[in-house]
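Hi everyone, thanks for coming. Today I'd like to walk you through one protein chain, step by step, so please have a look at the picture first.

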Amino acid sequence: LTNMKPDTTTVMRNLISNIRQALPFDLPEASMCSDNCNGCTLKLLEFIDMELIDWERRLNAGEMPNFGDINRLAKTGRKIYKIAEKNGLVKSSN
């Protein structure tokens, strides 16, 4: 038996799916903006959404992401999640 690891395209598609599930893309704009904002969640969600759409397009065109690409997107997703968490828009992971 060989222990096959997924290719980078599969890993990137899974990462994109996980980010889409974890972040509150479906929240109304009004509920994202409060008095105690720690970074503009709305702008950050727009940014990460553009990144995800770009990677989906690139993957569909046959581009193979490298580990650096995956790591950068994961890092960006984690940072934006933490800001959304500070702003009370996602449940705390603790």
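Before anything else, one term: when I say two residues are in contact, I mean that they have heavy atoms within 4.5 Å. Please also keep in mind that this is a predicted model.

With that term in hand, here is a number for the chain. Take the contacts between residues at least 6 apart in sequence: 72% of them join residues at least 24 apart.

Now the overall plan. The chain has four helices and zero strands, and reading along the sequence gives the pattern α-α-α-α. Of the 94 residues in the chain, 29% are buried.

Let's look at one pair of helices. How do α1 and α3 cross? Helix α1 covers residues 8-22 and helix α3 covers residues 41-60; their axes come within 11 Å and cross at roughly 150 degrees. Angles over 145 degrees count as roughly antiparallel, so α1 is roughly antiparallel to α3. The crossing of α1 past α3 is left-handed.

Who makes that contact? On the α1 side we find T9, M12, R13, I16, I19 and R20. On the α3 side there are I48, D49, L52, I53, W55, E56, L59 and N60. Sorted by class, the contact between α1 and α3 has eight nonpolar, two polar and four charged residues.

That brings us to the inside. In soluble globular proteins, nonpolar side chains tend to be buried together. Here, the largest nonpolar core has 14 residues, and the ones touching the most other members are M12, L15, I16, I19, I48 and L73. Helices α1, α3 and α4 (67-86) each give two or more residues to this core, and α3 provides the largest share, five residues.

Let me zoom in on L73. Which residues does L73 touch, not counting those up to four places away in sequence? They are M12, L15, I16, I19, I48, E51, L52 and W55.

One last stop: V90, in the segment after α4. Is V90 buried or exposed? Residues under 20% relative accessible area count as buried, and V90 is at 13%, so V90 is buried. Leaving aside neighbours within four places in sequence, V90 is in contact with A22, P24, Y81, A84 and E85. Look at A22 in particular: A22 and V90 are 68 residues apart along the chain, and their C-alpha atoms are separated by 7.9 Å.

Key
Residues are numbered from 1 along each chain as its sequence is written. This is a predicted model: local features need pLDDT of at least 70, side-chain atom pairs count only at pLDDT 80 or more; totals for chains, interfaces and linings use all residues. Side-chain values use heavy atoms; hydrogens and water are left out. Axes are lines fitted to C-alpha atoms, for helices over the stretch in contact, and angles run from 0 to 180 degrees between N-to-C directions. Angles under 35 degrees count as roughly parallel, over 145 as roughly antiparallel, 65 to 115 as roughly perpendicular and the rest as oblique. A crossing is left-handed if the near helix is turned anticlockwise from the far one by less than a right angle, and right-handed if clockwise. Ala, Val, Leu, Ile, Met, Phe, Trp, Tyr, Cys and Pro count as nonpolar, Asp, Glu, Lys and Arg as charged, and the others, Gly among them, as polar. A nonpolar core is a set of buried Ala, Val, Leu, Ile, Met, Phe, Trp, Tyr and Cys residues joined through side-chain atoms within 4.5 Å. Buried means under 20% relative accessible area, exposed over 50%, partly exposed in between (1.4 Å probe, protein chains only).
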